Structure formats: structure tokens, C-alpha cells
Amino acid sequence: MLLGLPTFVGYIQLPTMVSVFAMLVLGCAAGLTNPVQLWSAVLNVIISLCGFIVFESYAVIAYTQSGSFSFLMANLVLGFIFMAAFYFSMKTARGAYTRA
């Protein structure tokens, strides 16, 4: 996300500060992650689900409207990463919930 923002800033329909703030939220959530705490696991589930929805939506928009193959591929890769993050964070949340 950090490396692709300057390249794809023209395709993103939000202000640049929203993207920068989202990257900061991801960094803070990663820093606070603790597999023992249930709230941390639930926070990671919510963030990864939101990231997956956002990037896959942008991938569909890029495919149908912008015609930029590189923007499409960047969003598909980020969507796949967030899908994997959702899977692993859901497993962590399940484990923390069963321990509680």
C-alpha cells in the first residue's frame, strides 16, 4: 500500500490523507496484536475483512471502468493478502475465544 500509493493516486477516489490514515491504523493494529487477547484478535478480523472488501471492490471498479491492468493487479494482490489475513485472524480469534 505504501509503495503503490504514489503510483495509483490518480485512480483512488478518496483524499490521500484517508489512505495514509488507513496505513497508520494497520500499523497500530499490527503493533497491538497479541494472540492471547480476544479483543486484539477481533480487531484484526474486522480490519482484514474491511481491507478485503475495499480492495476487491476497487479491483472490480478498475476492471470495469479504469482499464488499468496494473491497478487491477495491485488491488487483486492486496485483496488476496487481506483474505489470507482474514483467514488467519479468524483462526486466532477462534482459538482465543475457546481459551476464554
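Does Ala 41 count as buried or exposed, and what is the relative accessibility behind that label? Ala 41 counts as buried, because its relative accessibility is 2%. Buried means under 20% relative accessible area, exposed means over 50%, and partly exposed lies in between, with a 1.4 Å probe and protein chains only.

First, some ground rules. This is a predicted model, in which local features need pLDDT of at least 70, side-chain atom pairs count only at pLDDT 80 or more, and totals for chains, interfaces and linings use all residues. Residues are numbered from 1 along each chain as its sequence is written, and side-chain values use heavy atoms, with hydrogens and water left out.

Now the overall plan. The protein has four helices and zero strands. Helices (H or I, at least four residues) and strands (E, at least two) are DSSP runs, numbered from the N terminus. Along the sequence the pattern reads α-α-α-α. The C-alpha atoms fill a box of roughly 50 × 25 × 15 Å, taken along the principal axes. Of the 100 residues, 26% count as buried.

Return to Ala 41. This residue sits in helix α3, which covers residues 38–66. Leaving out residues up to four places away in sequence, Ala 41 touches Ser 89, Thr 92 and Ala 93. A contact means heavy atoms within 4.5 Å. Val 77 is another matter: Ala 41 and Val 77 are 36 residues apart in sequence and 23 Å apart in space, C-alpha to C-alpha.

Next comes helix α4, residues 69–99. It has 31 residues and reaches 45 Å from its first C-alpha to its last, close to the 45 Å expected at 1.5 Å a residue. The expected span is 1.5 Å times one less than the number of residues. Several residues of α4 are buried, among them Phe 71, Phe 82, Ser 89 and Ala 93. Their cover includes α1 (5–8), α2 (16–32) and α3.

Among contacts between residues at least 6 apart, 58% join residues at least 24 apart.

Last, the cysteines. How many disulfides does a search of the whole structure find? It finds zero. A disulfide here is a pair of cysteine sulfur atoms within 2.5 Å. The sulfur of Cys 28 has its closest cysteine sulfur in Cys 50, 16 Å away, so the two are too far apart for a bond. Cys 50 counts as partly exposed, because its relative accessibility is 45%.
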